[in-house]
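Here are some notes to read beside the structure, written for someone meeting it for the first time.

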Amino acid sequence: MSQTHLDITRDRCPMTFVKTKLELEKLQPGDTLEVLLTEGEPLNNVPKTAIEQGFAVMENVYVRDNVHRLVIRKPEGATP
Amino acid sequence: MGPKNRGNTMSEKKKLSLICMSGDFDKAVAVFTLASGAAAVNYDVNVFFTFWGLNVIKKNTGRRFLGKGLLDRAFNFLMGGRSNLPLSRLNFGGISPGLMTGMMRRRRVATLDELFQASLALGVNLYACEMAMHVLGLGKDDFIPEIKDVLGVAAFLDLSHGGQTLFI
């Protein structure tokens, strides 16, 4: 099990979702992805679409200046 | 896992189909922004390129004499490929797309090339219009290999059935 990191705080739509999706596709069951993202559209939609795609949002923590830290996990038993 | 956490099954997957008729730079940006954004939030995405839109998916991104007849060759040379797309307004003889790309880079907005590559990486389905290819004397080999198929109207309507369709 591994954790990867992604910072999309300087990206704009649609690359916020695109980069997250491409990283999520690389996860194996049990792996986590840590994402730094800003409030507004990224925070409203990245966790929502991750959940819709069968991932679990383990943490959603305010870090600083409109930046949040998400930890998204690919559940055990999910299709690799 | 509760209902909120359940992934979409194939039957629930949302679908977006885009008809790209324009060969303008800004409209191609709109096409690939919508295509990559929708694919990133788990939509099935189809893009159907017709008429000037075919310039966007040419294998050669610059100007090339393509086709068999004199007019085919002249048209295709003058229109060029993805690196020659004009801005729909204020093109200033072809300078503006480069200036716009610079502005997009400086403001950390994805460029046309980045959006195009993201769409390919996310598995957006690209199709070329059979009729428009025939008019312009283009063959499937003139396009990027990622073009999934050459289609007519009926086949595109079948593909887009049940989802949202936008014409650009």
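Predicted model: local features only at pLDDT ≥ 70, side-chain atom pairs only at ≥ 80, totals over all residues.

1. The distance counts as a salt bridge because the rule asks for a side-chain nitrogen of Lys or Arg within 4 Å of a carboxyl oxygen of Asp or Glu. Across the interface of chain B and chain A, the rule finds two salt bridges, and the count of residue pairs in polar contact, both at pLDDT 80 or more, is three.

2. Which helices of chain B supply residues to the side that touches chain A? H1 and H4 of chain B each supply at least two, and H1(B) gives the most, with five residues. Sorted by class, that side of chain B has 10 nonpolar, seven polar and five charged residues.

3. Taking the interface as a whole, 22 residues of chain B are in contact with 16 residues of chain A. The area buried between the two chains is about 1,600 Å², and carbon and sulfur atoms give 63% of that area.

4. Within chain B, helix H1 (residues 25-40) and helix H4 (residues 112-121) pack at an angle of about 35°, their axes being 9 Å apart, and the crossing is left-handed. Residues of H1(B) including Phe25(B), Val29(B) and Phe32(B) belong to this contact, as do residues of H4(B), among them Leu112(B), Leu115(B) and Phe116(B). By class, the contact of these helices has nine nonpolar, three polar and no charged residues.

How values were computed:
Residues numbered from 1 in each chain as written. Chains lettered and ligands numbered in written order. Heavy atoms only, no water. Axes fitted to C-alpha atoms, helices over the stretch in contact; angles between N-to-C directions. Helix = DSSP H or I, 4+ residues; strand = E, 2+ residues; numbered from the N terminus. Left-handed = near helix turned anticlockwise from the far one by under 90°. Contact = heavy atoms within 4.5 Å. Nonpolar A, V, L, I, M, F, W, Y, C, P; charged D, E, K, R; others polar. Buried area = accessible area lost by both parts, 1.4 Å probe. Polar contact = N/O pair within 3.5 Å; in protein donor to acceptor, adjacent residues only side chain to side chain.
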